[in-house]
Amino acid sequence: MSDSEDSQLEARLAEQEVFEPPESFVEQANVSDPAIYEEFEDDWPACWERAADLLDWETEYDEVLVDDDEPFYEWFTGGELNASANCLDRHLDSRGDELAIQWEGELGETRAYTYEELHREVNEFAAALRDLGVEEDDVVTMYMPMIPELPVAMLACARIGAPHSVVFAGFSADALATRMNSAESEYLVTCDGYYRRGDGLDHLSKANEGLGGVDHETTTVVVDRLGDELEHELGADQIDYDELVADHEGAAVEPVTRDAEDMLFLMYTSGTTGQPKGVKHTTGGYLSYVSWTSHAVLDVKPEDTYWCSADIGWITGHSYIVYGPLALGTTSVMYEGTPDYPDKDRMWDIVESYGVNQLYTAPTAIRAFMKWGSEYPEQHDLSSLRLLGTVGEPINPKAWKWYYKHIGDESCPVVDTWWQTETGGMMITTLPGIGTMKPGTAGPPLPGIDAQVVDTEGAEVEPGEAGYVTVNKPWPGMLRTLYKNDERFLEEYWQEYSDEGEDEWVYFPEDGAKIDDDGYITILGRVDDVINVSGHRLGTMEVESAIVGVEGVAEAAVVGGDHDLKGEAVYAYVILEDGYEESEEMSDRIIEGVEDAIGPIARPEQVIFTPELPKTRSGKIMRRLLEDIANGEELGNTSTLRNPEIVEDIERKVSGD
Ligand code: WTA
């Protein structure tokens, strides 16, 4: 294309506000009949049988939804199944020789597992876990990067009915200890290390440090990822993964029959308080829901090669690298490393080499691709792509259009999927074979999902006005509770309204949003004290308590400020104790303190020392004001503060004047 044609195209795209799904996509889409919205509404909750029908059940369920004890809903009650059997065994006859996982390491080495091979290793590791003493309902923690042994371990746990709790490998030793203690988890699967930008990183020392903070006995399995690159020694209660698997060569473990409502896994996530929340997901409802959304939204078909570039340490990887795609029998691509190693075309190289059909990634990655320039994707043949997706944070129209044009060649629908750890799977997005796409707007709620945007009284807001997202009916993939904390579950997420004498329970995701005339929802961001750094959820309280833990710090307030690449970045306002001086060294110690307590993702972008924090007359920290300062915005009236004089001082420090 000539330069002038190209710029004409750019200009047209910049103005275009709505996009229709490409005809070629619609013709082959898993779901393409718009009647589905009405069908689900008319036939609710029985409509969810369609999701359950995507699975193999050992015992059929008696009831789709039981709601006698709201909001402790139960789905597919009486049904029995096993998640590992659904992701592996049932594909063996038809697709045993097809690839389940196509893995690529950062250095370029590859490993491919057919369904047959994955089934074999999962059986062997399940037998090994049993021999180590793991029983049904014991929580097994995994602290692993993106290596194939992670999904193997998850599926092995699912096979023997032991819920897993995966802790993101980038989290700190402290974070691991907190989660293992909270879940009373006595087993850990981890590895010696992994590669980042070509260097072998030691991971086991961090795991061992974390184990030092666990207040009960533990047994650890260690995968040898780095071989000779990193010598490591195992402790008395630590066993080498390869040896274990070799000792159980050829073992067959009958999948344990689980009730639909039995826990499949726990996933810790950040909330308003400093303590992470153990979100509980179940076998029947969760697996049905992620299979259904993989089918309907990601358009996954068994013969596809599908790639979600998230990390399995987060919910996106659980739902859309492991459970959804494997339940549908497709090939799921896993990449160990960073998108710009050895060069900025790494992602496109992977798409081309494996002929990826669907790519599901995050806006933060897309913003980086945009910044690097379209010459990187242009070096590769991306014509295998049929669908593009994003998740994790709002995507601005410019980034959406760049993705649509430079990656999708204007021939792939883009699904902007809004959901959360708690929802288990996607909730608000267009269906790619049906809905008109509007860049920047996630779309309507999925069929069967009753989401609204309401004001503080719970009344629906007018189109265009900001409000809060609520979900007014339960859905199969929903969290069932917070682990061993029903009370916090009720408090954090649910509100009861009385509607014409009927009590109604409403789920609050803690996101702000607005809605268009045609029911499309635009997500505005979190309304609680959670910030979203590169699509990763962080609680400001967690970061604050890490900072206050640093010697010499008296008080801290953390807010999210806008950031071009990360979406939001951490700004830390810090008051020092008497006798401590603000200095670069102090700032470094604070950053280190945060990295030690949580991990590098929580690293403050800027540490601002101040003698006081702006407070209201009643003594509350004015976080909104601190956010505005971080964003360099005009500040409104500050005269109602107890200490208005401090504001200018802080502003000067942030802007570096
Ligand atoms: C945000 C990730 C806008 C939102 C699956 C939510 C989004 C939080 C989108 C959940 C999107 C996720 N548009 N915002 N498409 N997807 N979010 O639990 O604020 O890590 O509440 O789950 O991410 O983050 P979590």
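A residue counts as buried when its relative accessible area is under 20%, as exposed when that area is over 50%, and as partly exposed in between, with a 1.4 Å probe and protein chains only. Keep that in mind as we walk through this predicted model, in which local features need pLDDT of at least 70 and side-chain atom pairs count only at pLDDT 80 or more, while totals for chains, interfaces and linings use all residues. Residues are numbered from 1 along each chain as its sequence is written, and side-chain values use heavy atoms, leaving out hydrogens and water.

Let us start with E393. You will find E393 in the loop between strand 19 (387–391) and helix 17 (397–407); helices (H or I, at least four residues) and strands (E, at least two) are DSSP runs, numbered from the N terminus. E393 is buried because its relative accessibility is 10%. Its side chain makes a polar contact with the side chain of R367, at 3.0 Å. Such a contact is a pair of N or O atoms within 3.5 Å; within protein, one must be able to donate a hydrogen and the other to accept it, and residues adjacent in sequence count only if both atoms are side-chain atoms.

Now look at the ligand. Around the ligand are 17 residues, of which D416, T417, T421, R526 and R537 come nearest; here, a residue is near if one of its heavy atoms lies within 4 Å. The side chain of D416 places an N or O atom 2.8 Å from a nitrogen atom of the ligand, and a backbone N or O atom of T417 also lies 2.8 Å from a ligand nitrogen. T421 has a polar side-chain atom 2.5 Å from an oxygen atom of the ligand. The protein covers 97% of the 530 Å² of accessible area that the ligand has on its own, by the Shrake-Rupley method with a 1.4 Å probe. Helix 13 (315–327), strand 20 (414–417) and strand 26 (521–526) each give at least two residues to this shell.

Next comes helix 7, residues 115–131, whose 17 residues reach 24 Å from first C-alpha to last, close to the expected 24 Å (1.5 Å times one less than the number of residues). Just after helix 7, G133 takes a positive phi of about 110 degrees.

Finally, the cysteines. The structure holds zero disulfides, a disulfide being a pair of cysteine sulfur atoms within 2.5 Å. For C157, the nearest cysteine sulfur, that of C87, is 13 Å away. C157 is buried because its relative accessibility is 0%.
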